[in-house]
Amino acid sequence: MTDESWPMVEVAVFRLFDELAGKGTPQHVAIGPRLADLGWSDIEAEYPVEACELLFRAQGRSLALTDCLDRVMLAELAGVLDERVDHVLLPDLARGHVPGSNQGQVSGIVLGPLEGRLMVPVSGPMGTVSLGVVDTSRLHGERLDTFDASAFWTRVSGPLDATLVEASAQWNQAVAAAQRALATELVALAEQALHIAVEHVSVRVQFGGPIGSFQSPRHALADASAVLAGARALLGESWRYGGQLSAVTAKSAAGRAHRAVSDVALQVCGAIGLTAEHDLHRYVTRGFQLDALCGSHDQLESFLGEQLFETYGPGCALPAVVTWAN
């Protein structure tokens with residue numbers, strides 16, 4: 001719960017992210033110093049959940065590029081770190097949320113340019129994960145040609161020469177935090193796309209009236225809004241109660257909701273929604289790209305299905321994804 005000062009915090013954070021987005025930088029801005037100017041450490045101490053959620057809501061709304069995801073994951077890994085780390089190596093897109101690095105080779109993705117000290121997760125036997133820190137000057141980085149041309153992602157490869165520490169639990173917590181954060185950004189992107197579509201059908205006139213007065217676009221937008229509302233509700237419960245299963249579910253639902261909203265928004269906006277001059281494509285392409293990080297909605301839905309069939313037999317209760325408070 002927040003107090004009456006929270007709306008002022010939200011306004012300040014939204015203004016900050018809008019300013020960063022307005023600069024048009026293709027790199028991920030280190031946001032720590034800018035947040036320090038807002039007294040962010042005190043805000044996080046008092047509202048740890050709300051503060052984290054706000055950052056990614058603002059990032060999705062503004063389309064800013066920052067190192068917020070690294071910050072969230074590194075906070076979960078702080079207990080196993082004994083040296084400075086700048087970035088976390090994320091799994092290759094095809095591997096979902098499973099690290100791609102092995103005992104001898106680094107493989108994965110960095111958000112932004114390759115620089116500083118890199119935390120590398122390494123897959124081990126039986127699903128275990130170890131962590132090591134590598135100087136990026138010893139690695140090779142190649143900028144990815146991504147679906148969202150405004151984003152800067154780097155594919156990283158090279159030799160793994162680091163002391164490894166077994167940290168499966170901490171890594172799983174970091175991935176869950178990342179999935180929850182990405183789900184928040186996806187929902188914010190979908191909300192912006194839906195807002196653009198609703199505005200368009202309200203002013204675009206066909207056959208003597210706004211196209212939003214016709215049943216087909218109204219029903220399509222209503223269905224998309226309902227899917228988005230469901231994803232938003234799951235996400236809210238995931239932020240409230242935490243947990244790895246709820247994070248997977250929240251990100252899967254957010255990715256599917258973004259896809260549903262994007263499909264409808266592009267349909268009702270027509271050809272103008274596909275042009276570079278129109279804002280809609282920015283929220284669509286950014287969302288499609290973010291959905292691929294730490295498991296796309298298709299990958300995570302398959303993962304959830306496998307977990308249910310492998311763990312819960314006939315006659316057994318399914319696991320609780322959401323717990324409703326009385």
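Axes in this account are lines fitted to C-alpha atoms, for helices over the stretch in contact, and angles run from 0 to 180 degrees between N-to-C directions. The structure is a predicted model, in which local features need pLDDT of at least 70 and side-chain atom pairs count only at pLDDT 80 or more, while totals for chains, interfaces and linings use all residues. Residues are numbered from 1 along each chain as its sequence is written, and side-chain values use heavy atoms, with hydrogens and water left out.

The protein has 10 helices and 9 strands; these are DSSP runs numbered from the N terminus, with helices being H or I of at least four residues and strands E of at least two. Of its 326 residues, 46% count as buried, a term that stands for under 20% relative accessible area, with exposed meaning over 50% and partly exposed in between (1.4 Å probe, protein chains only). Contact means heavy atoms within 4.5 Å. Among contacts between residues at least 6 apart in sequence, 71% join residues at least 24 apart.

The interior comes next. In soluble globular proteins, nonpolar side chains tend to be buried together. A nonpolar core is here a set of buried Ala, Val, Leu, Ile, Met, Phe, Trp, Tyr and Cys residues joined through side-chain atoms within 4.5 Å. The largest such core has 78 residues, and within it Trp-40 and Leu-69 touch the most other members. Helix α6 (residues 168–203) supplies the largest share of this core, 17 residues. Another core lies apart from it and has 10 residues, including Val-120, Val-122, Leu-139 and Val-156. Leu-69 itself touches Phe-56, Leu-90, Leu-111, Ala-178, Ala-181, Leu-182 and Leu-293, not counting residues up to four places away in sequence.

Two packed helices are described by the angle between their axes and the distance between the axes. Helix α4 (residues 48–62) and helix α5 (residues 68–76) have axes that come within 11 Å and cross at roughly 160°. The two are therefore roughly antiparallel to each other, given that angles under 35 degrees count as roughly parallel, over 145 as roughly antiparallel, 65 to 115 as roughly perpendicular and the rest as oblique. From α4, the residues in contact are Cys-52, Leu-55, Phe-56 and Gln-59, and from α5 they are Cys-68, Leu-69 and Val-72. By class, this contact of α4 with α5 has 6 nonpolar, 1 polar and no charged residues; Ala, Val, Leu, Ile, Met, Phe, Trp, Tyr, Cys and Pro count as nonpolar, Asp, Glu, Lys and Arg as charged, and the others, Gly among them, as polar.

The loop between α4 and α5 holds Leu-63. This residue has a positive phi of about 70° although it is not a glycine. Most residues other than glycine have a negative phi. Leu-63 is buried, with a relative accessible area of 8%. Met-126, in the loop between β3 (117–123) and β4 (129–135), likewise has a positive phi, near 60°. Met-126 counts as exposed, at 84% relative accessibility.

Helix α4 packs against α1 as well. The axes of α1 and α4 come within 9 Å and cross at roughly 40°, and the two helices are therefore oblique to each other. Here α1 passes α4 in a right-handed crossing. The residues of this contact divide into 10 nonpolar, 2 polar and 5 charged. Glu-10, found in helix α1 (residues 6–22), touches Leu-54 and Arg-57, not counting residues up to four places away in sequence. Glu-10 and Ala-58 are 48 residues apart in sequence and 8.5 Å apart in space, C-alpha to C-alpha.

A further pair is formed by helix α8 (residues 244–269) and helix α9 (residues 280–291), which pack at an angle of about 155° with their axes 10 Å apart. They are therefore roughly antiparallel to each other, and α8 passes α9 in a left-handed crossing. By class, their contact has 8 nonpolar, 4 polar and 3 charged residues. Ser-262 belongs to α8 and counts as buried, at 0% relative accessibility. Ser-262 touches Val-284 and Phe-288, not counting residues up to four places away in sequence.

Definitions and conventions:
Left-handed = near helix turned anticlockwise from the far one by under 90°.
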